[in-house]
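Notebook open, model loaded. I want to go through the fold first and then look at what sits inside.

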Amino acid sequence: MMVNEEIPPVGPFSPRFSRRGALRSEWIYGSGYQGPSSDEIFEALIARQPVWAGMDVLEIGSGLGGDAVRMATRYGVNIRAVDASADMTQLCLDRLAAEPVDGIRFETGDVCTMELAPESVDLVWTRDCLMYLSERDRERAWSRLLTALRSGGRVLVTDYCRGESPSSPAFEELHNSSGFHLVNQEAYATMMRRVGFCDVTAEDRTEDLLASEVEGRARLVNDRDGFLEQFTSGEYDQLLKRWDTKIDLSVSHQLTWMVLTARKP
Ligand SMILES: C[S@@+](CC[C@H](N)C(=O)[O-])C[C@H]1O[C@@H](n2cnc3c(N)ncnc32)[C@H](O)[C@@H]1O
């Protein structure tokens, strides 16, 4: 067994998004996910930006494909699911080969450089991904995505954000070691309007993030032996510490979770 006692810093293309890192995060978040995974959260997001058979969805930062598979199997969308980590894509392709689902195309790509045909997409869907881009790159990425959308095309984003409470050293340590570039929710919405989106709404759903963190922590503590069948005790300790920090920072509203919707005019 490969032994990796250290969890490396999180960030695009970092080992955090390696095969092992992806499987470790999936263990705590739930099958197919690297972030809040409950059916309730997924369906609440779909209720905000409905999808239907045959529409063209572009998912950015699709991770292990949980949302792509749900959207394709339940709603019949055509989805191009793009992730910067080749290991994530490979895991998705292996699983798709074992259990085929129509309408999904998994590929490796970086939102900043990938090929994007103008006016080719009905919905851009991106969950907990663009927080890894610098503010400048994020704005450029949204400009590119606006061009890729058809007129009237829509957007759904979830992302970690800064809260309004002053940030503690613990927040800054998590922020920097994770490779985040977090802004507050209003600043994110303002940037989307500046890029050219309309009907921009940003809703604070930190309670959903917190519920997912608390559930993941309980899974870890209640099934320590199960975790140790695949990973090391060093990884267990670091993950538990990281989850405790995230829970504290979410409770104190330094770390928040935003659901943003928008539309191309
Ligand atoms: C925290 S995970 C979330 C994955 C998935 N959306 C979910 O909720 O389960 C963030 C994902 O974004 C991907 N990512 C980071 N930077 C990216 C970029 N510039 N372009 C595309 N994907 C990126 C990472 O490889 C990782 O799979």
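Predicted model: local features only at pLDDT ≥ 70, side-chain atom pairs only at ≥ 80, totals over all residues.

Reading across, I get β3-β2-β1-β4-β5-β7-β6, an open sheet with mixed pairing. β3 (104-108) and β6 (198-204) are at the edges with a single partner strand each, so one side of each has no neighbour in the sheet. From one strand to the next, I get an average twist of 15°.

β4 (residues 121-127) and β5 (residues 149-162) run parallel and are joined by 6 bridges. I picked out threonine 126, whose bridge partner in β5 is valine 157.

Then the helix packing. I found helix α3 (residues 66-75) lying across β1 (56-60), β2 (78-83), β3 and β4. Against β2, helix α3 runs at about 175°.

Now the inside. I looked up the largest nonpolar core and it has 63 residues. Val57, Ile79, Val124 and Leu260 have the most contacts within that core. I followed up on valine 124: leaving out residues up to four places away in sequence, it touches Leu58, Ile60, Leu145, Leu149 and Val155.

Last, the whole chain. I count 10 helices and 7 strands. The radius of gyration is 18 Å, close to the 18 Å from the globule rule for 265 residues, so the chain is as compact as a globular protein of that length. Buried residues come to 40% of the 265. Of the contacts between residues at least 6 apart in sequence, 75% join residues at least 24 apart.

Conventions: Residues numbered from 1 in each chain as written. Core = buried A, V, L, I, M, F, W, Y, C linked by C-beta atoms within 7 Å. Buried ≥ 20, exposed ≤ 12 C-beta atoms within 10 Å, placed from the backbone. Contact = placed C-beta atoms within 7 Å. Helix = DSSP H or I, 4+ residues; strand = E, 2+ residues; numbered from the N terminus. Rg over C-alpha atoms; globule rule 2.2 N^0.38 Å. Pairing = 2+ DSSP bridges. Axes fitted to C-alpha atoms, helices over the stretch in contact; angles between N-to-C directions.
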